[in-house]
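Please consider the structure shown below. The paragraphs that follow it lead from the order of its elements to its overall form, its surface and one detail of its side chains.

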Amino acid sequence: MRRRAGGFTLLEAIVAMTILGFALLAAFGWISNNLAALGKVRELALEEAAVTEAIAQLEDTDLQRSPNGSLLWREFRIEWQAVLVEAPAAGRSTLGARGLHELALYEVDLAVRRGTRQIAAPRIRIVQHRQVREAADSG
């Protein structure tokens with residue numbers, strides 16, 4: 001009786017390599033799709049940060065003096081057009097007394113662009129305040 005030599009036959013090695021190849025191909029496809037999705041998520045997060053920055057910049061802008069304007073943030077161009085909705089009116093304290101500030105309501109059309117592509121165009125309302133009198137000294 002003849003004993004079989006240890007090891008794999010050529011056919012067994014080819015089958016094993018084929019199975020391994022298909023497994024690696026599937027893993028590569030899965031990793032590739034996840035990397036593409038991660039890149040898209042990063043782009044969307046940056047675009048969301050640009051819109052957030054645009055709104056923050058508008059809150060610091062005197063819309064009465066600059067109802068239209070634009071600025072650059074990173075590679076984004078932020079443009080706005082503000083329209084007065086409610087004329088400036090005296091603010092009130094929580095007790096109903098005349099406040100220190102005058103309040104005005106603006107409706108702002110915002111455009112955030114990256115190159116030639118517009119990524120967001122929200123219409124928002126912003127209340128702006130301006131101090132018009134000093135607090136009375138009680139001492």
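In this predicted model, the elements of the protein follow the order α-β-β-β-β-β from the N terminus. With a radius of gyration of 32 Å, well over the 14 Å that the globule rule gives for 139 residues, the protein is more spread out than a compact globule.

The contacts within the chain may be considered next. Among contacts in the protein with a separation of 6 or more, 50% are accounted for by residues 24 or more positions apart.

Attention may now turn to burial and surface. Of the 139 residues in the protein, 21% are buried. The accessible surface of the protein amounts to about 10,800 Å², and carbon and sulfur atoms contribute 58% of that area. As for charge, the protein carries 17 positive and 16 negative side chains. The centres of these two sets are 11 Å apart.

One aromatic pair is present in the structure. It is formed by Trp73 and Phe76, whose ring centres lie 6.0 Å apart; because their planes meet at 25 degrees, and planes under 30 degrees apart count as stacked, the pair is stacked. Phe76 has a relative accessibility of 0% and therefore counts as buried, the cut-off for burial being under 20%.

Methods
Residues numbered from 1 in each chain as written. Predicted model: local features only at pLDDT ≥ 70, side-chain atom pairs only at ≥ 80, totals over all residues. Heavy atoms only, no water. Phe/Tyr/Trp six-rings, centres within 6.5 Å; stacked < 30°, edge-to-face > 60°. Buried < 20%, exposed > 50% of the residue type's maximum accessible area, 1.4 Å probe, protein only. Helix = DSSP H or I, 4+ residues; strand = E, 2+ residues; numbered from the N terminus. Rg over C-alpha atoms; globule rule 2.2 N^0.38 Å. Contact = heavy atoms within 4.5 Å. Areas by Shrake-Rupley, 256 points an atom, 1.4 Å probe, with all protein chains shown as cover. Lys, Arg positive; Asp, Glu negative; His and termini not counted. Charge placed at Lys NZ, Arg CZ, Asp CG, Glu CD.
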